[in-house]
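Subject: Structure handover

Hello,

Here is the structure for you to look through. My notes on it follow below.

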Amino acid sequence: MSVFSNVSSMSQIIKARIGIVGANYAGLSAAAKLVSLFGTKEHEDSDVKITLFDKKDGFLHLIGMTHGLVHTSFAPKLWVNHDEISWSKSDLIQFCKGRVSSIHKNHLIVDEKVESPFDYLIIATGFSRSPPIWPTASSCKDYLQEVGGWSNSICKSDSVVVVGGGAVGTEMAADVKSEYPSKEVILIHSRDTLIPGPFTNVFKERAHQELRELGVDVILGERVIDETSTKNGIKSSVILTTNKGRKIETNLVIHCTGKGKAASDMVHLPPTTSTPLVDDNCNLRVQDTLQLIDPAYPHIFAVGDVNDIPVVKLAGAAISQGAYAAENIHKLIMSRNLSTKLSKYQGPKPYMCLVLGRHRQVSQDTDGEIGGAEFTTKLRHGNLEIYRIIGAMN
């Protein structure tokens, strides 16, 4: 059956079922754009239904999570229930809370039992990562309880070790040390410099310098190979062993290693060419239009962290890709032709903004310019971009 078999050429009424798997940065951006495109007077007689599937019932602003783990008063600001977003009340939109267990050519399965058909699909499932940076909670109440538990553990610990010196680990170590100056805070990173990725050495060294000045003990070029729990009197402790034989005893370990695994395991689409749909890192291979690379699936798009677009995986890139995919689906629907020429996504130049505790910041903009607190604040518009991003979602 053709994807366009539900479009009546006689009446010219547009009918389309659009599914979006994942309702955070990329997925919500795609939905917002689709509502703006199909929610006009031109489409008032159309029958377009947009369904967002997510195991959570809210948007979680992960950029601010390190801050939220340390400051319990800040954590609630990071969660916004989906029904609080302005366009969620649109007749075009419905949310389905549940885990998408498999994706097929024209339908998906929710919670391994409910079948939901679609004409077009946007996969925005992101990465599979571990708590506490990526909480497992599916509701605001459970999220606050989960984050509160971690905050309490951080508060009670005399020593905290952060494993992984990427952007998240660097900010995590800075947030803990900034809030609790008397605590021993150690950051262990397996590489010789902080912040992997296409950033200048000046930027990486500046971040390292800020941590040193805060009082964070930074260990570079060593990898944790063993983690053993023990009990010393009342307090529990953990003994870490690195590949160089160093042993570190601490009360709490916060893992911030690696980019995680792309959440593509639910995609059950047989390839029709010699090129696999999924690469070695579990990323979905896409064209520059963000459609899956296999020509058998021109109606399925993958956006954000789950795809193999060679850009730094940041929230801004995910939001941009979600909007691009939505615009391209709109073009396909309006043209009634899967061969329609679509917009090609061009990723931004590398940039990074690090908020290192209460008063320290460092940035590299798209031109490679390095700046501190004042420069970074201008880039991020304050409040860890929460209100700007929620505004974009709206």
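The model is predicted. I start with helix α4, where the buried residues are G169, T170, E171, M172, A173, A174, D175, V176, K177 and S178. The helix covers residues 167-179. Since 10 of its 13 residues are buried, α4 is largely enclosed by the rest of the structure. From its first C-alpha to its last, α4 reaches 18 Å, close to the 18 Å expected at 1.5 Å a residue.

Next, the sheet. The strands β20, β21 and β22 form an open sheet, in the order β20-β21-β22, with antiparallel pairing. Its edge strands are β20 (352-356) and β22 (370-371), each of which pairs on one side only. Between β20 and β21 (residues 360-364) there are five bridges, again in the antiparallel sense. If you want to find one of the pairs in the viewer, look at L354, whose bridge partner in β21 is V362.

Helix α5 (residues 201-214) lies across β20, β21 and β22. Its direction is at about 175° to β21.

Last, a single residue. Is S116 buried or exposed? S116 sits in strand β8, which spans residues 114-117. The residue has 17% relative accessibility, and buried means under 20%, so S116 counts as buried. Leaving out residues up to four places away in sequence, S116 touches F53, H107 and L108.

Regards

Conventions:
Residues are numbered from 1 along each chain as its sequence is written. This is a predicted model: local features need pLDDT of at least 70, side-chain atom pairs count only at pLDDT 80 or more; totals for chains, interfaces and linings use all residues. Side-chain values use heavy atoms; hydrogens and water are left out. Two strands pair if DSSP finds at least two bridges between them. Helices (H or I, at least four residues) and strands (E, at least two) are DSSP runs, numbered from the N terminus. Contact means heavy atoms within 4.5 Å. Axes are lines fitted to C-alpha atoms, for helices over the stretch in contact, and angles run from 0 to 180 degrees between N-to-C directions. The expected span of a helix is 1.5 Å times one less than its number of residues. Buried means under 20% relative accessible area, exposed over 50%, partly exposed in between (1.4 Å probe, protein chains only).
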